[in-house]
Amino acid sequence: MWAFYNGRTQARGKREGRRRQSHTEMAHRLLVRRIWTLSVKDLRCLPASTSSFSTSMRSSTTPLSFISPKRTLPRSLPHTSRREVSFNVQDHEDFTERVINSDLPVLIDFHAQWCGPCKILGPRLEKAVAKQKGKVAMAKVDIDDHTDLAIEYGVSAVPTVIAMRGGDVIDQFVGIKDDEALDSFVSKLVGQ
Amino acid sequence: MAALCRVRHRWKRTNCIQLLTRNLTGTFDYDLVVIGGGSGGLACSKEAAQLGQKVAVLDYVEPSVKGTKWGIGGTCVNVGCIPKKLMHQAALLGTALKDAQKYGWQIPGPISHDWSTMAEAVQNHVRSLNWGHRVQLQDKEVKYLNVKGSLVDEHTVKGLTRTGKEIMLTAKNIVIATGGRPKYPTHIPGAVEHGITSDDIFWLKESPGKTLVVGASYVALECAGFLTGIGLATTVMVRSIPLRGFDQQMAGLVTDYMEAYGTKFTWRSVPKSVDKLSSGALQVTWTDEQTGKDQRDTFDSVLWAVGRAPETKTLGLEKVAVKLNKESGKILVAADESTSVPNIYAFGDIGEGRPELTPTAIKAGKLLARRLAGQTNELMNYDNVATTVFTPLEYGCVGLSEEEAESRHGKDSIEVYHAFYKPLEFTVAERDASQCYIKVVCKRGGDQRILGLHFTGPNAGEVTQGFAMGFQCGATLTHLKETVGIHPTCAEELTKVNVSKRSGLDATVTGC
């Protein structure tokens, strides 16, 4: 798949440098993410897809339908450059774009409607993030709405907070932390 | 001739694909595919995975007519046992609040109940259970697919996603545990358009208001019970008898209590039509079978509790010739849960003749998984299963009803011991205990083996569970009499039972 994205961007040289970079970065992250969650069956499928790519590359027209448009075409520029400090994740694509692809380090707050401690931690997290004055973002994931995503990140109990930078999980904790401990956690994420 | 060629070609093609899949992997995609992620399906799949099998569970909730849907866990977790018991508890707390004043609690002003607060709390708990199940499946390495499963052939299952995408899975063994859904009386005009079922009641965001519950099953009585308990004007419309299949004397006590408690009963009545008025209220017309006359009343909601139907129509069972019971539509199963097709099994509510209970589905599922993994030959024992009906006055029982015992052994061969007792807590609260009753049906002569045990009273489920173990061990009346009671409890009255029906003596328990 890595080879596929790389090859594709080379073939479509007309794309501007920034988009190309985010393509490959996104592809890399998607690939890394995919590998963590691959089952044996999926692994068997991988060679098949790469080989069908190479046959399509040989032909003059690269079939667009082969790739899922959602994965390769980025959202419009204004969207990607919008800097929201704290936001609710809408779907998988939104997560990829605003969390994995984020220029800022991100705190991911996995929470649930039925979770009492989450309601205590939530405002504390907002406070800690606000103190950083735009140096860190917070993505809120309702695990009932985004169960697959939560499972993918190994969430079992809530609240679970994951600190992410450049698409990599740097740190995480489960349960409530007090303001001091939270400030220290967030500073660590921003500092390095 | 052309048709034959086509059929042969299709057979060849599907067989080829299967052979291809098998040759590529050397085996099937999965050792076990379970269709249905309810009490039974989840227990079976998790047990199988723990025993080293490669398992996938397919769960999909077809939204109700009203559009209600829910997460993984099946009927029990989402629209059955769990929300039912929580709402029953809400109703009991209302009664307790009323009793509290007699016990000295200073409660200022009248007490009212807010449906939305209760519903949200109950729904949140159910959601936490959905999540818990997902985590468990992940931990136990069971592949979960939110797809509607159906059979293509003996080893192939097709899964349809919500968006219409198809996936195919092959499996060595297939288990069907899709359970049932409430029936709508489709022949009654307005029934489908304006009525709701137990699939909807627990997920309503707003109070159902003045409700008509049609039916006299435990679903109908339990729902009517908690609706009355939280202060809603509730009517139960019964066609013939309450709690069919249960001991009828006990059923009568349950409904007597409910009537005294505030639930209206319309006996021997059959609904004719449901119309929506301009006010939004529902006008129900029914026939009083005793007078032959039609009656009419308006309600805010109509809850149909007229039986459940198995989820077999969309399973593709005809493709593999899995035999069904023509009347019930349930899958015919053997003692080891096998169907007419060697590697396809079915259990839980979907199995013909099986109790529609969570604990039996869970146990049967686990044993099936163990048998399929070659770990045991043990079959599920469906006898002596204790149950409880969570009506305002709860009814717990294990074993045979009096009628069933009479029919099997003859009236002269059984001895029925009984007692009317009063829970201590009712005394100060000045509550009527006329329907608090115990009945022990025994074999006559010798140690008098217990054939059936029945109890109406508070916490009937908790009381009955312990006695169910004794029953399982073959308890006799002698055993019961040799057991010293715990005092003061309602349960101890079971150990003190000594007046037989045959004697005709007064069975009311006097003070200690």
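The notes that follow concern a helix pair, an annotated domain and the confidence of the prediction.

This is a predicted model. In chain A, the mean pLDDT is 72. In chain B, helix 2 and helix 5 come within 10 Å of each other, axis to axis.

**Helix pair in chain B**

- Helix 2 of chain B spans residues 39-50 and helix 5 of chain B spans residues 115-139; their axes cross at roughly 25°.
- Because angles under 35 degrees count as roughly parallel, helix 2 of chain B and helix 5 of chain B are described as roughly parallel to each other.
- The crossing of helix 2 of chain B past helix 5 of chain B is left-handed.
- From helix 2 of chain B, Leu42(B), Ser45(B) and Lys46(B) meet His133(B), Gln136(B) and Leu137(B) of helix 5 of chain B.
- The residues of this contact comprise two nonpolar, three polar and one charged.

**Annotated domain in chain B**

- An unreviewed UniProt entry places the feature "domain: FAD/NAD(P)-binding" at residues 30-365 of chain B.

**Confidence in chain A**

- A pLDDT of 70 or more is reached by 56% of the residues of chain A.
- Over residues 1-22 of chain A, pLDDT stays under 50, and the model has 29 contacts beyond four places in sequence for this stretch.
- Where pLDDT is low, the predicted coordinates should not be read in detail.

Conventions. Residues numbered from 1 in each chain as written. Chains lettered and ligands numbered in written order. Predicted model: local features only at pLDDT ≥ 70, side-chain atom pairs only at ≥ 80, totals over all residues. Heavy atoms only, no water. Axes fitted to C-alpha atoms, helices over the stretch in contact; angles between N-to-C directions. Helix = DSSP H or I, 4+ residues; strand = E, 2+ residues; numbered from the N terminus. Parallel < 35°, antiparallel > 145°, perpendicular 65-115°, else oblique. Left-handed = near helix turned anticlockwise from the far one by under 90°. Contact = heavy atoms within 4.5 Å. Nonpolar A, V, L, I, M, F, W, Y, C, P; charged D, E, K, R; others polar. pLDDT = per-residue confidence, 0-100. UniProt positions renumbered as here; feature names shortened; annotations may be inferred.
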